[in-house]
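Have a look at the structure, then try each task before you read on.

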Amino acid sequence: MSSCAGMPFILKGTYLDGKDKFPIDSEKLNVEIEYSIHTLHSIIKRHCKNIFPDLIKSEDRKKSIGDLLCIPTFQHCSCDMLEFTDPAEKEKDKLLKSFYAWCQNLCARLIEDGYWADYIDPCSGKPVLGEAGSSTYNEVEGMQLLLRYRYQQVGMCKVILHPKWGQRIYPASMFTNAPLDIISKAILAMEETFKAPATSGTKNEESK
């Protein structure tokens, strides 16, 4: 598991369904995000063509999906994911913006290098940058399959349990067909560019 800690990002706005979800401004976000990089489980791979319909074209479809890597992320939060109080909703909104800021920057670097990259809107399960397909991405199932984390059944919902933080997390995922070394270099460059003063993160890459 790797972490990028204390990186101030400038959020430039994220577009969903043609609308700017967050206003374009110069707001700086201190993003502390735990991530890991994984090859796809066969169940996730099977659903990807319906989650990301614009990923590739006809004859290249199998090869491109086979090259996909998933980057599940976690942010530690003070509230429980099942809380729906005003303070909890405000914290979730802030963590969503932080996730978007991190992914926007990383995706831009990978796309500039000629790779495909997109991230999942945790609220809808749909890709943010590309066309939405007939299927949505299930974060809880993905975390279970890739990380083997336990979950808790709460009514009709499953809630993923982080080994250190329990339910006090904000989980969200990104996908790319860039190789592991390219992703790692992009993240390191991002850390150097946006590193907060007097803050250092621990980086131990792990790929399954």
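**Exercise 1: the pocket**

Sort the lining of the largest pocket by class: how many residues are nonpolar, polar and charged?

Solution. Start with the classes: the lining has 15 nonpolar, four polar and six charged residues. Here Ala, Val, Leu, Ile, Met, Phe, Trp, Tyr, Cys and Pro count as nonpolar, Asp, Glu, Lys and Arg as charged, and the others, Gly among them, as polar. Next, find the centre: of the 25 lining residues, Met81, Pro122, Cys123, Val140 and Pro171 lie nearest to it. A pocket is an open set of points on a 1 Å grid over the protein atoms alone, where a 1.4 Å probe fits, with protein on both sides within 12 Å along at least five of seven lines; lining residues have an atom within 4 Å of a point.

A quick note on the model: it's predicted, so local features need pLDDT of at least 70 and side-chain atom pairs 80 or more, while totals for chains, interfaces and linings use all residues. Residues are numbered from 1 along each chain as its sequence is written, and side-chain values use heavy atoms, leaving out hydrogens and water.

**Exercise 2: threonine 176**

Is threonine 176 buried or exposed?

Solution. Check the accessibility: threonine 176 has 0% relative accessibility, so it counts as buried (under 20% relative accessible area, with a 1.4 Å probe and protein chains only). Then look at its neighbours: leaving aside residues up to four places away in sequence, threonine 176 touches several residues, including Asp67, Ile71, Leu110 and Ile183 (heavy atoms within 4.5 Å).

**Exercise 3: leucine 110**

Which residues does leucine 110 touch?

Solution. Skip residues up to four places away in sequence; among those left are Tyr115, Met174, Thr176 and Ala186.

How values were computed:
Buried < 20%, exposed > 50% of the residue type's maximum accessible area, 1.4 Å probe, protein only.
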